Structures are given as C-alpha cells and as structure tokens.
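Dear colleague,

Please find below the structure that I promised to pass on to you.

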Amino acid sequence: MCGIVAVIGSREAAPLLLEGLQRLEYRGYDSAGIATVDAAKSSLTCKRAQGKLVNLVKLVDDQGALGQLGIGHTRWATHGKPEVRNAHPHRDSSGGIAVVQNGIIENHSSLRKELESQGYEFASDTDTEVIPHLISRELNLIKREGETSNSTWLLEAVRKVSFQLEGAYALAVIWEETPEALVVAKRQTPLLIGFGEGEFLCASDTPALAGFTRTILPMEDDEVGLLTPLGIELYDSLGKRQQRSPSLLKGQEDVATKNNFRHFMLKEIYEQSETARLWTDRYLPLGLSDEAPIALPFEDSFYEGIERIQILACGTSRHAAMVGAHLLEQFAGIPTTVFYASEFRYAPPPLTSHTLTIGVTQSGETADTLAALAMEAKRRAVYGDIAFASHQLGITNRLESSITRQVPNILDIGAGIEVGVAATKTFLGQLLAFYGLTISFASRSKQCSSKEVSKLINELRSVPSQLITLIKQHDEIAEQLSQQFVDVQNVIFIGRGINYPIALEGALKLKEISYIHAEGYPAGEMKHGPIALLERRVPVISVATPGVVFDKVLSNAQEAKARDSQLIGVAPEGRATEVFDALLPIPEVSEWISPLFSVVPLQLLSYHIAANRGLDIDQPRNLAKSVTVE
Ligand code: M6R
C-alpha cells in the first residue's frame with residue numbers, strides 16, 4: 001500500500017508529482033503529500049494534506065511548491081492515524097531532508113528509541129520518520145571533503161541507512177543541499193525508474209510512469225539509485241555500480257475513465273461481458289484440436305510431471321482460486337489445495353512432490369502472495385525439489401507487475417485496468433483463467449472424455465453474450481431490491497460446492513463497499529452454529545444452481561426461512577424457486593460454469609446497497625487496491 005513518485009528534470013516537479021500520485025491513488029487515500037527543492041534558493045518545501053489527493057491538489061494550488069526536483073506520496077495508514085502529522089513526506093529535524101516510503105520498517109521502534117536518546121525529535125507516529133533522522137545522522141558522520149559532491153554524500157548516507165532498516169521498503173529522498181539529485185532505494189517492495197524526455201522519474205508502479213514514459217527499469221532489492229537530470233546510477237548494497245538496460249512497457253497502462261457510469265465499479269461490472277469475450281477469443285479460438293483444445297501460452301513441458309496443485313492468494317483472488325480448485329479436482333482430477341497466502345508464509349504444509357504452485361493476484365503486487373511464492377520456491381530448492389522450485393505460475397491482470405518479474409510462467413487475464421477497489425471484472429477473469437487451466441489439465445489427464453471437454457468449451461464460448469443480458473437485467477433488479485436493505489445490519493450468504501466460494505465473494509463485496517456485516521457460509525454448515533444468528537432482520541442470500549447439490553441447498557434455504565429470515569435466491573427461474581421471497585434469476589447453465597453467472601447479481605446488489613447509502617464505492621474506507629504490505 002502507499003504509492004510513491006519522484007521526479008527530477010527540467011520541468012516544474014509539483015504538477016508531475018500530482019499527476020503521478022493521481023495514478024497511484026488506488027494504493028491508498030488516507031493522506032497525500034509532496035516535497036520539492038527549489039534550486040535557486042536551495043530550499044525544501046513540503047505540502048501535506050489529510051484524506052484524498054484532491055485536498056493536496058488544492059493546497060498546492062493555493063500555496064505552491066517550487067522546484068524541478070520532488071517526491072510525492074499517497075498513504076494507506078499502517079503506523080499512526082491518517083492525520084496530517086503522519087502524512088509523508090517526513091523530514092529530519094532541520095527540515096532539509098525529506099523522505100517518502102512505501103513498506104514497513106519493522107525495527108522502527110528500537111531505531112526511534114536510539115535516535116531519541118541521541119536528541120532527535122520526532123513529529124509523527126510513523127515507522128518512516130526514523131529514515132530522515134538516520135540519513136541526517138549519517139550525513140553528519142560522513143567526512144565531507146575532497147572532490148566529492150553533496151549528491152554522493154546523500155547516496156552514501158542512504159546506502160548506509162539501508163543496512164540499519166529491517167522490513168520491506170521503497171523510498172525516495174531529497175535534500176535541499178542537493179538540488180541536482182534525488183536518491184531512491186528499495187527492498188521487497190517495487191520501485192521502478194522511468195526514463196522520460198528531459199527528466200527521470202521513479203514510482204511504485206507503472207501507471208504513475210506511463211503518462212511520462214514507456215521506458216522503465218525496475219530496481220532490484222537492496223539497490224540504491226542516484227537520479228540527476230542527466231541520468232541514473234544504480235549501486236548494490238556494497239556500493240558496486242550496476243549496469244542494466246531499461247525495457248519498454250508492454251501492457252496497456254492508460255488511465256481509465258468512468259464514461260457515463262456513476263462509479264468505476266459499476267462500469268467494471270458491465271465490462272465483464274467484454275472481459276469474457278476477449279478471453280474466449282484469445283484462448284478458445286475456433287479450430288483448435290481435441291488434443292490441444294485451448295490456446296494457453298504454455299508448452300507441453302509445462303504440464304509434465306504435475307500431480308498436485310497448490311494455490312496461494314488473498315481476498316477475492318482466493319475465492320477465484322477456490323472455484324478453480326473445485327474445477328481442477330472435480331473436472332480435471334488434479335488434487336488441489338488453496339491457501340491464504342498470508343497464512344502459508346508462516347505455516348506452510350509439509351512439502352509434497354510434483355506440486356505446481358500457483359499465485360493468483362490481479363494487481364500482481366500483493367505482498368503476502370509474492371512473499372509466499374518466493375518462500376515456496378526457496379523451500380523447494382533447499383529440499384532439492386529443483387524442478388518444482390522454479391515451476392510456478394502466476395495468474396494476473398497486470399503484465400508489468402512484480403509477479404511477472406518473479407514467476408516464470410504467467411497467465412494474463414487481460415481484463416484491462418480495474419480502478420474500483422472492489423474486484424469484479426478481474427474476479428471473472430481469474431475464474432476464466434482457471435477454466436482454461438482445467439481444460440488443459442483435463443484434456444491431458446483423460447479424466448473426462450473429449451466430449452465433456454468440448455461441452456465445457458462450447459458453454460464457455462456462450463458466456464460473453466449471456467453476460468450482456470444478465471448484467472443489464474440485474475442492474476435494474478438489484479437497484480429495486482436494494483431498497484429493502486436500508487436498515488439491514490447483517491446478511492448471510494450461503495452456497496455449496498462450486499458456488500460456496502461465490503457465497504464468500506458475495507459477502508466480501510457487501511462488506512467492503514457497504515460496511516454491512518456479512519458472512520459467507522457453506523449452506524450445509526449453517527445448522528452447526530451460524531443458524532443461531534437468523535431472525536427476521538437477517539436476510540439470507542442463497543446461491544442455488546442446478547447440479548449435484550441443488551436440492552440440498554434448497555433444503556438449507558428452507559431451514560433459514562423457517563427462522564423468519566428473508567430468503568433471497570440466486571437461481572434459475574422456475575426451478576422449485578417458490579421457496580424464495582425474492583429471486584435473482586440467472587440462466588440455467590451447467591453447474592460447472594454457474595459461478596460465472598451467480599456472482600453477477602451479488603456484485604450488483606452490493607453496488608446498489610452501497611450507492612443507496614451514499615458511500616464512496618470506488619474507494620471504500622480503510623482499503624487500497626494494491627496491498628503491498630503484509
Ligand atoms: O491484487 P490481488 O488480487 O492480489 O488482491 C487481493 C485482495 O486484496 C483483493 O482481492 C481484495 O480482497 C479486493 N478488494 C476484494 O474486492
């Protein structure tokens with residue numbers, strides 16, 4: 001979380017920083033700030049504002065921030081409340097050194113005590129503030145003599161400070177005594193250098209750079225960089241100069257617009273039919289053979305020897321992975337386990353052989369998912385499972401993200417930029433990626449006949465057109481139904497089998513954008529405890545799609561109704577659905593592909609409930625689109 005941006009060149013820095021921050025606001029919107037150095041006066045200006053970036057823009061418009069060198073930050077609070085005093089940039093006691101940081105400095109507390117005992121005074125509750133003080137202390141220790149310039153001293157000070165920091169960080173530093181340079185450094189948190197025309201930039205993520213340049217160079221862990229108007233220099237932790245060439249951005253990094261939609265989330269829900277169309281055109285073109293029925297970008301060798309799959313993911317991506325695991329096990333016959341990436345990191349299961357590890361992350365930046373993948377690769381290498389140490393797959397929507405640099409095999413869901421914090425079209429894209437893998441594995445394992453595989457493929461090809469109708473229909477139905485949720489405080493979502501993860505996803509969507517407490521539960525488990533919660537004021541939303549568990553889910557729904565709950569069904573029309581007080585109808589499709597439809601009414605219902613409440617749907621409180629800290 002948090003986004004940082006830095007620039008040095010021949011133009012005024014403040015407008016460039018604000019533009020970069022606007023493209024990074026999805027990483028946090030608790031506060032924002034910039035600092036610039038005016039070379040003419042050798043003075044540093046720092047402007048910070050609580051809340052969204054718009055507040056900072058106003059402040060900078062009113063008060064100005066001169067200089068062609070600057071750093072900026074958009075914050076998702078970790079240490080310290082979202083107040084101005086905790087907003088970045090943070091400065092040393094003289095006010096001449098300013099730092100922005102993304103990450104967590106784990107040893108900040110001991111560093112702070114040490115610095116305070118030496119007389120350094122702190123102005124915030126953040127972990128970051130130790131950094132400008134440490135840099136100031138190093139600068140005082142460095143013998144400033146001979147031919148070396150101030151910028152070399154700053155570079156050296158930051159390199160030395162990086163040894164003292166524990167945790168993950170990406171940081172950018174300016175000093176009023178070096179208007180000709182800025183220094184950047186990173187460990188386990190992304191930081192990319194951009195080569196602009198007449199300027200060099202640095203940012204946490206590609207969208208912030210894409211408006212200025214398509215030539216980028218990702219920094220490596222423990223590197224320190226010096227950016228001047230004339231070029232960049234990179235050094236490793238020992239101070240050895242590094243030489244690497246930049247590359248061109250491949251992906252589409254344009255800033256999305258809302259068009260005529262009220263919110264990005266609604267637009268992105270509507271875009272799901274297009275996500276599905278692009279996916280079927282790309283991966284399921286007509287004319288493929290029975291032997292290779294899907295055009296995934298992997299050679300046969302990719303599938304060789306895989307006997308098990310483990311999937312690491314967080315949040316909505318984990319729900320997609322759970323649907324994927326159901327398909328891979330029940331359709332393709334491959335034992336598959338899904339883990340919360342954050343849990344896996346510290347309690348991985350005993351190693352199993354011939355196991356493909358998949359990481360699912362739409363942003364490609366989720367810290368826990370990346371760290372869990374890295375840890376698993378290392379663990380397998382240590383145990384001598386070399387083949388499967390490096391045999392990992394990433395499913396992502398961001399071809400320029402960290403996961404694509406970390407993992408050798410990537411499956412691109414190609415959903416286009418998703419701005420709303422609540423994942424919708426990327427969830428659908430992730431589901432489709434798992435359908436693709438399922439088809440690949442099923443056709444290789446011969447677990448099912450080629451007829452069954454062809455049937456699944458044909459069904460998938462019809463999804464885009466069916467989604468167009470479904471989304472429009474449910475936009476209207478959900479808007480009406482949402483009126484009944486004005487005073488609701490708790491909602492239970494139930495489902496079974498392949499639609500149990502959809503119940504979880506429905507609950508997560510409702511929680512994150514409407515702030516209504518919601519639980520997703522396997523329908524058959526309700527009577528083992530949660531049914532005690534049910535009463536008139538607690539609606540139950542039951543995902544009941546025809547298939548092996550249809551009758552079971554209907555019985556479980558009856559049990560809820562008998563406890564006075566209002567019962568809302570996500571089910572095909574006319575299939576014993578009289579049990580429901582309200583119906584969110586979905587097409588009658590095979591159980592295998594039903595999640596692609598059953599999730600849509602739940603997304604739209606959450607959206608309209610939150611819209612009725614007048615909430616900030618695209619940027620819900622306390623959340624960020626990319627969770628780059630653990
Ligand atoms: O970028 P990722 O897919 O790794 O993100 C994982 C979760 O943070 C994310 O899915 C989160 O749960 C969404 N806000 C849910 O809508």
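In what follows, Ala, Val, Leu, Ile, Met, Phe, Trp, Tyr, Cys and Pro count as nonpolar, Asp, Glu, Lys and Arg as charged, and the others, Gly among them, as polar. On that basis, the shell around the ligand consists of six nonpolar, seven polar and two charged residues. Please bear in mind that the model is a predicted one.

I begin with the ligand site. There are 15 residues around the ligand, of which Ser317, Thr361, Ser363, Thr366 and Glu512 come nearest. Domain 2 (259–461) and domain 3 (467–620) each contribute at least three residues to the shell.

In the side chain of Thr366, an N or O atom is 2.4 Å from a ligand oxygen. For Gln362, a backbone N or O atom lies 2.8 Å from an oxygen atom of the ligand. The side chain of Lys509 places an N or O atom 3.0 Å from a ligand oxygen. On its own the ligand has 410 Å² of accessible area, and the protein covers 91% of this. Two or more residues of the shell come from each of the helices α10 (315–330) and α18 (500–514).

I turn now to the sheet. Eight strands form an open sheet with antiparallel pairing, in the order β3-β2-β4-β1-β10-β9-β11-β15. Its edges are β3 (43–50) and β15 (247–248), each of which pairs on one side only. Within the sheet, β9 (residues 192–195) and β11 (residues 215–218) are antiparallel and share three bridges. Gly194 stands opposite Ile216 of β11.

With kind regards

Note on methods:
Residues are numbered from 1 along each chain as its sequence is written. This is a predicted model: local features need pLDDT of at least 70, side-chain atom pairs count only at pLDDT 80 or more; totals for chains, interfaces and linings use all residues. Side-chain values use heavy atoms; hydrogens and water are left out. A residue is near a molecule or strand if one of its heavy atoms lies within 4 Å of it. A polar contact is a pair of N or O atoms within 3.5 Å; within protein, one must be able to donate a hydrogen and the other to accept it, and residues adjacent in sequence count only if both atoms are side-chain atoms. Accessible areas come from the Shrake-Rupley method with a 1.4 Å probe; for residues, only the protein chains shown count as cover. Helices (H or I, at least four residues) and strands (E, at least two) are DSSP runs, numbered from the N terminus. Domain bounds come from an automatic or database domain assignment. Two strands pair if DSSP finds at least two bridges between them.
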